[in-house]
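Thanks for making the time this morning.

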Amino acid sequence: MKPARAFRNQELARKLIWINCLLILVPLAAMGVYTFASFQHAMEKNVGSYQLQTLRQVSLNIDTYMNELDRLTLTPYSYKEIMDFISSPREPGQPLSLEEIESLNRFVSSIFINGRLDIMGVSLYGEKGASYVVLPESQYITTYRLDESADWLKQARSRFGQPTFITTHEVVSTSGTPYQVFSIARELRSFDTGRSLGYIVIDIDPVSVRKLLQQAETSAHEMMYIVDGQGQAVIRRDDSQPVLELGALSGQGVLQGSGKGNEKRLVAYVTSEVTGWTTISAVPIKELMKDSLIVRNSIALAMLVCIGLAIAVSVIVAYRITRPLRKLSRLMRKVEQGELLVQFPVHSEDEVGRLGHAFNMMVSKLSKLGYLLYETEIREKDAQIAALQSQINPHFLYNTLGSISMLAEVAGNREIVTMSNNLGRLLRYSLSNRKERVTLRDELIHVGGYMSIQKIRYEERIHYTQQVPDESLDLLVIPLMIQPIVENAINHGIDKGIGSGRIELRAVVDANTLTIIVEDDGIGLTKEELDSLRERMLHSKELGGQSGNGLLNVHRRIVLHYGEAYGLTLESMPYQGVKVSMILPAQRHTE
């Protein structure tokens, strides 16, 4: 509700600007977001396709290598003596004959032919207890027996003579040195009966497959590794790289996964039909989208330029459209302040032109009515003054007060003499002074006579002080301006209080401003009384009297004489007095 009210209270030009900005920003922002999202999606799709294509080639190379190893597991079928050895019953610890040793060594040599460094070991196991195991850097061992609970053995039996690939595991040489290998196992069956005779297991160094992974052209932040059917890592391109938790994957495709720190990654995977293992490539999306950031920044920059130009044009158009209305508003404020000699220039016949024409007609009529009202008030004021002067004969008052003073002096009553003389001067100053402005010196003399009478009346209850610099005494002020303020301080500040009171009159000249301050320490005003009096001084046109305590009268006279920039200011706290500041321009006779 509040934002809507604030929008309604704004200038018309600002409303137009806000509406135009909204109509510009929303479509441009939506278009920019849609364009960038489409570009990012297309780029991610193309990168994923390229990544999947690269991964297919890597997987093909690995399958070729694995097929070569698979062919090695068929070698025992080419050696009748090896098949006879595997199918022969053997007792634990039974030694090999020389012929068996020679044939087995010849068989193992055929496996390691051409100096294959990737093969770490060869193992032959017979169902009837025969075994011949060659471990890395070890002599042959014939005491191994099949572990019926081994996972690879269960898998090999279930594949009926097809190769079984065993994930990376650890083997220990006879010297106790551990080696990491992955293995390929095959169940060996009889050609005649088809029954299982035993198994051959070839251990391979994972470095050979790791080299195939490292041959692929990848970025520095790309991860590449192989997992088995359960999603467990088999071989990694770099052991320092983590493995994503993607679960079991099959087939091939592209998806998004989360890495360390929930970092989004684009994941491509291909499952080998030879090994059943899945080769995975994972690239951080932020790395793939580095180029898209350039596009995004370009789009954002273009949008900002377009928005800036559109807003600039919108501001110019809005202010040009509303310029006549602003000018009309300023002229109306001048009329509110009483300046009726204004006119709105009409240059068009649209709504603004018709409104300006109506404004000119209104101001013209107001000017005529104002002149008639002003003339009526002047005539009424002159009539009142003439009636007052006709009722009060100043010479009669002066002579009467002079007679009272002489009689009091003959009687020896000095107080009556002082009061009558001061009262005579007050009346003479008030009734016979027809000047618009008097010097501050004359006004202070008038205030001094008034305070002399009040001191006799209140005796020791009033302490009056006056601090006025000499350079301000010749400044011009409005007559009968200070005395009502001092009188107000006595009547409403000290007279209503208990005990004695202080009234201080000061004058300060600062640059082109004269400030006259009348301050008392009487009962003061409450916050409500002070706010009410300030409100009446700001808006009321009444001339004081009983309701205004003289303050409104003085304030209106100063404002009418010098303008709205001058007048009275009030400061007060309950039981701490009232401070009245009269602000006037510092003018001299020459001005």
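Predicted model: local features only at pLDDT ≥ 70, side-chain atom pairs only at ≥ 80, totals over all residues.

In helix H14, the residues that are buried are Leu530, Leu533 and Met537. These three cover an arc of only 65° around the axis, which puts them on the same side of H14. As a reminder, an α-helix has 3.6 residues a turn, so residues three or four places apart point the same way. On the other side of H14 we find Lys527, Glu528 and Leu538, which are exposed.

What do the buried residues of H14 pack against? Their partners are helix H15, covering 551-562, and strand E17, covering 567-572. As for the geometry of H14 itself, the helix runs over residues 527-539, and because its 13 residues should span 18 Å at 1.5 Å a residue, the 18 Å found between its end C-alpha atoms agrees with that expectation.

Let me set helix H12 beside that. H12 takes in residues 440-458, 19 residues in total, and from its first C-alpha to its last it reaches 26 Å, close to the 27 Å expected at 1.5 Å a residue. Its buried residues include Leu440, Leu444, Val447, Met451 and Ile453, but also Glu443, His446 and Gln454. Just after H12 comes Glu459, which takes a positive phi of about 55°.

Turning to the nonpolar cores, the largest has 44 residues, and the members that touch the most others are Met66, Phe107 and Phe182. Helix H2, residues 12-72, supplies the largest share of this core, namely eight residues.

Which residues does Phe107 contact, once its neighbours within four places in sequence are left aside? They are Thr75, Pro76, Tyr79, Ile82, Val122, Leu124 and Ile200.

Finally, the whole protein. There are 15 helices and 18 strands, and of its 591 residues, 41% count as buried. If we take the contacts between residues at least 6 apart in sequence, 59% of them join residues at least 24 apart. The accessible surface comes to about 34500 Å², and carbon and sulfur atoms account for 56% of that.

Methods
Residues numbered from 1 in each chain as written. Heavy atoms only, no water. Helix = DSSP H or I, 4+ residues; strand = E, 2+ residues; numbered from the N terminus. Buried < 20%, exposed > 50% of the residue type's maximum accessible area, 1.4 Å probe, protein only. Contact = heavy atoms within 4.5 Å. Areas by Shrake-Rupley, 256 points an atom, 1.4 Å probe, with all protein chains shown as cover. Expected span 1.5 Å × (residues − 1). Arc of directions from axis to C-beta. Core = buried A, V, L, I, M, F, W, Y, C linked by side-chain atoms within 4.5 Å.
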